[in-house]
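Please read the points below with the sequence and the model open beside you.

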Amino acid sequence: MTKFNTQLIHGGNSEDPTTGAVSTPIYRASTFHQRVLGGHPKWEYSRTGNPTRAALEKLMAQLEEGVAGFAFASGSAAIATVFAMYSRGDHFIVGKDVYGGTFRLINQVLKRFGMTFTIVDTRDLAAIEAAIQDNTVAIYFETPTNPLLQITDIRAVTALARRHHLRTIVDNTFATPYNQQPLTLGADVVVHSATKYLAGHSDVVAGVAVTNDPAIADQLAFLQNSLGATLGPDDSWLVQRGIKTLAARMRIHEENAAAVVDFLQGDAHVAKIYYPGLADFPGHDIAAKQMRGFGAMIAFELRAGLDTKQFVEHLHLIDLAESLGGIESLIEVPAVMTHGSIPRAVRLRDGISDELIRLSVGIEDATDIIADLKQALGQLD
């Protein structure tokens, strides 16, 4: 079996069987000629299946070591489709530190359909077990989390889930399969916002779900076709193109992140740093065990009383933007931006302070990133 970094480039349908093209063609067709009435053609309608999307889905299944992958119009669409496998009355345990849009989906959409949710700290196995009800069907969590980079022991949670006949769904967006493969640690489904590190260039919105369970794969295939939030062929091609350089990009991302963390540790404006690569960070040992690297997402808090708005608006190189995982460095204030839909009291209870900053470290020269941070922090004096 080829190594992971080789699969990034040669996995999936990396060569067109018709022409030998080494880049999967973009099949913009909405429908396909069927030569036999009532037959079972491989391609019939692009919502049901498209050759360009299928190449991406096969590649993602290989990278996550699953049996099937599914590509969607966004990460949120992937998450919503996974939850659509379940029904009114089903109960879920959800990690307390997840993307704000996931909370929005839960609280403003799924609850209206009669699903119920208990939010717990999934780092606490006793808390998970205490939250299990007779109608609990699955545990959903991120690791590392958004935005506090909290680390959950995937193997421990999935073992607990199996004892109680529950499924485990892991959002692997921050880590990517380059650093972590939840299915190999016992998870049933892994989801990604492929918009982020997988595509890597801030030029496409996409989502992916992968499973290692054929029964779940059948459900997701049915729901993907029925709900129709599929990824178009052009965007599928862009994600595949981005994946080819994932390993090369991640190496630089992580080298830069380590340099930025080292700088932040010595800056008096910074009160606290959240980064799994720090030896004293809670969960560091677990991250070192289940991840190949610590990623390039950093969160840090300014000292109480310092003006986050003044800081982020004085950055010149680093873009103030709601996303992550692009080649350019991106920064945001979760309380105002990505997690703004969460009530302030809930945010503060869960550790998302008004002074919290989330930084996605890009692949620019590290000295330029650090210089930009330094001059913007200097505006706070």
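1. A contact here means heavy atoms within 4.5 Å. Among the contacts in the protein with a separation of 6 or more, 73% are accounted for by residues 24 or more positions apart.

2. This is a predicted model, in which local features need pLDDT of at least 70 and side-chain atom pairs count only at pLDDT 80 or more, while totals for chains, interfaces and linings use all residues. Residues are numbered from 1 along each chain as its sequence is written, and side-chain values use heavy atoms, with hydrogens and water left out.

3. The secondary structure comes to 14 helices and 12 strands, taken as DSSP runs (helices H or I, at least four residues; strands E, at least two) numbered from the N terminus. Of the 381 residues, 56% are buried, that is, under 20% relative accessible area with a 1.4 Å probe, counting protein chains only.

4. Seven strands form an open sheet with mixed pairing in the order β1-β7-β6-β5-β4-β2-β3, where two strands pair if DSSP finds at least two bridges between them. The edge strands, β1 (68-72) and β3 (116-120), each pair on one side only. Strand β2 (residues 91-95) and β3 pair in the parallel sense over five bridges, and the bridge partner of H91 in β3 is T116.

Notes: Buried < 20%, exposed > 50% of the residue type's maximum accessible area, 1.4 Å probe, protein only.
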